[in-house]
Amino acid sequence: MLDALQLPFFQRGLAEVLLLAVGAGLLGTWIVLRGLAFFTHAVGTATFPGLVLADGLGFAPVLGALGAAVLVAAGVGLLGRRRPDAHGAATALVLCGALALGVILASDVFGTQAGVDTLLFGSLLTVGTIDLALAAAASVAAVATTLVLGPRWLAVGFDPPTARSQGVRSQGPDTVLLAAVALSAVGVLAAVGALLATALLVVPAATMRLVTSRLRAWQLWSIGLAAAEGVAGLWLSYVTDAPPGATIAVLGGAVFALVAWAQGAGARTRAALAVAAVAGLAAAGFATGPATDDGRPQVVATTTQLGDVTRAIAGDAAHVTQLLQPAADPHEYEPRPSDVRAVSHADLILASGRHLDDWIGDVAGDAGAGSEVVRVGDAVPDRVRTDEGLDPHWWHDARNMAAAARVIGERLAPEVGADGPAVRRRAAAYARRAERLDAAIARCIAQVPRDGRKLVTDHDAFATFAARYGLQVVGAVISSRTTQAQASAGDVARLTRLIRREHVRAVFPERAVDPRLARALARQAGARVGGRLYADALGPRGSPGATWAGSEAANADTIVAGLTSGRRRCRIAGP
Amino acid sequence: MTLVRAEGASLGYGPRPVLTGVSFAARAGERVGVLGPNGGGKTTLFRGLTGELVPLAGRLECAGRCGLVPQTERSRLDFPVSALDVALMGALSWLPWWRRPGRPERDAARAALSRVGLGDAAGETFGDLSGGQRQRVLIARALVQDAPVLLLDEPFSGLDAVTSELVERLLAELADEGRCLLIATHDVDQARGWDRVLCLNGRQVAFGPPDDVLDLDTLEQTYGGAIVELPEGGAGVLPPHHHDHGAEGA
């Protein structure tokens, strides 16, 4: 615990969770009393259109989230006006509208990506000053509104008709309650994300409700439990290297289950449970975090492709930490404590660049990294433009990877001292192998008749590949670079007609994306369903696509087999 | 002094009235039994008196506040509130919205709880109290509201004989202090002991001292066909919630 406390990102996470706990624990009691748990869950998720707008128009995501949350609270307050206790249906209506608006904005208006995902999946490890300020503001608002309006919230919840008959107005105070919950939900977004917002806002209060029947005591205990679960969760996530948001949620659920169980158990069992819980946490506290610093230079690479090439070049001369995991979608990423620690200790940080992994800038800034971020994709020569700017999938042209290997060798060599010449040699060898692979893929694709070289994939990930190897990208199922957008019925109909008209032989689903839409499209247009391609990430260990070279060779084989109905194959020997 | 006055009042939830022709006056110190079948308009009258419903015709006036004492089942028994917290809710009716109840209100709530004989139970959780105690806490809330008129919705339902007696005595004392009490009840015999009765069945059937008003004819008009179905032999007139027992006996 003590060594963790010295890390700036851990200190900020701790401050964030403690600041949030006051508002979350306090409002949690009102949420439980007034039956607003669903609203709480919904309002965080319903910030989606605000985040898309912020990303598309270029203002702070927090403002977008806040604006959306306030509108959602006002909408629910307005719709639920006639039946103050029937917020459920009103919430469902507003949530549905907000999500639909978000999807339309994301798919058809902006085609946005990164900023949206990081907020929907927030992380305690990457909170910034704005997040801390927002958490403090949410807690101050929760305390202030509770002090002023708490008695009215209580009276209206206790006996609505009598409160009305007494002239206790409920609409104004109830809307303020919804707004305070919305503000807290947005505050919690940055820490644990929209999907786990209730872990801090509802679970601690629901747990303490089991053991106390006094409002004041319940409120104080809920704040205490929210803080304790937040701190313990952050600490456990540091020790076990799990994402902190999920750890807090699991811990909160476990404490609730234990307390509920202890309620029905005898005194002795209860004492034993308490001792076991404290001992478990203490044991975790004495455990030390996983060590990464083995004396060698530390290199961080964001994507699976970069991790693969960097490991090959570094050999034993440096320790390489790869942040994204195989078969994962790079558009969704929640850092683990070891990731942030690795970034904070890194001597060299390698990013793919071209907006694919912009989040690394936030992580590096929050971790207090000493190293600059080298965006390898910005240094490679071949630049293919798409409608949305430079294609970020530069590694699908093997000549680009050869250039990237040389760049990585140049940047890594000065960091490894005596191993510098060896690193340069390995980088040059890798580059040569990549060039041979490039030639082999080109030869292989050339087997496909020229008018049959037409590509339809899940999303626009193969513009660079197509440009280099003489294929034509006819269309993509999702006509946006992000996997977060959705295809409209009109898009699918247009693409179906296009596939028929162009006589496209096969549609290729991607590995990290749900293949059902691509399959349906192929069936409808009378095309074959090709094998699945490695688009954004490499495959898991042991699969043909576990290395970059293997994945490119496999892609070439899959495409040639698909476009020639299996009559031609690519048998490219591993480099 | 007249505290409640109705002149040809009609009340309803839409354009159609569910209670018509209400004309009566109740004075300070009086207990008025409000009789009628379920759906006869007792609760509607109370909602009109608290100002929740505006009369469709005629006039309905209450001098000062009307404190509603609902049936205890209408409250959330699972709420983490003490008897004192509930009594304190009465203060919200006259505090401005930005003021939370402070020490004076707290003292008033304690005094009200002592007044209903629950001074020692102020810290008890509301849901843990007995039915009679809960009823008295709700009366205390109306007292904190400082209302000269109390509207009690079946305050004796679900109470045993001893507790009933206790509440009955409390109501007598509150009336003696100069309040006007309107008590909705199904117990005709109990209402005979009060100062006035108001019989409602979609309209005002009768109003006056119980001895003058509570004859068989009025009760038949008040409770409709329910009476003729009752088995013979009962000396008094049985109100409709005894109907089930009659059916069992048949």
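Colleague: In which helix of chain B is B:T222 found?

Modeller: B:T222 is found in helix α8 of chain B, residues 216-223. Helices here are DSSP runs of H or I with at least four residues, strands are runs of E with at least two, and both are numbered from the N terminus. As to conventions, this is a predicted model, in which local features need pLDDT of at least 70 and side-chain atom pairs count only at pLDDT 80 or more, while totals for chains, interfaces and linings use all residues. Residues are numbered from 1 along each chain as its sequence is written, chains are lettered from A and ligands numbered from 1 in the order in which they are written, and side-chain values use heavy atoms, with hydrogens and water left out.

Colleague: Why is B:T222 called buried?

Modeller: Buried means under 20% relative accessible area, exposed means over 50%, and partly exposed lies in between, with a 1.4 Å probe and protein chains only. B:T222 has a relative accessible area of 0%, so the residue is buried.

Colleague: What is B:T222 in contact with, leaving aside its neighbours within four places in sequence?

Modeller: Contact means heavy atoms within 4.5 Å. On that basis B:T222 is in contact with B:L35, B:G36 and B:P37, and also with B:C199, B:L200, B:N201 and B:V205.

Colleague: How many helices and strands has chain B, and what percentage of its residues count as buried?

Modeller: Chain B has nine helices and nine strands, and 52% of its 250 residues count as buried. Of the contacts in chain B with a separation of 6 or more, 67% are between residues 24 or more positions apart.

Colleague: What makes strand β7 of chain B mostly covered?

Modeller: Five of the five residues of β7(B), residues 180-184, are buried. B:C180, B:L182 and B:A184 lie on one side, B:L181 and B:I183 on the other, and both faces are covered.

Colleague: Which strands are joined to β7(B) by bridges?

Modeller: Two strands pair if DSSP finds at least two bridges between them. Strand β3 of chain B (residues 31-35) is joined to β7(B) by four bridges and runs parallel to it; B:G33 stands opposite B:I183. Strand β6 of chain B (residues 149-153) is joined to β7(B) by five bridges, again in parallel, and here B:L152 has B:I183 as its bridge partner. Strand β6(B) is also joined to β5(B) by four bridges, with the strands parallel, and B:L152 is the bridge partner of B:V69. In β5(B), residues 66-69, both faces are covered, with B:C66 and B:L68 buried on one side and B:G67 and B:V69 on the other.

Colleague: Is A:H503 buried or exposed, and what is its phi?

Modeller: A:H503 has 64% relative accessibility and therefore counts as exposed. Its phi is near 55°, a positive value in a residue other than glycine. Most residues other than glycine have a negative phi. B:E154 also is not a glycine and has a positive phi of about 45°, but B:E154 is buried, with a relative accessible area of 15%.
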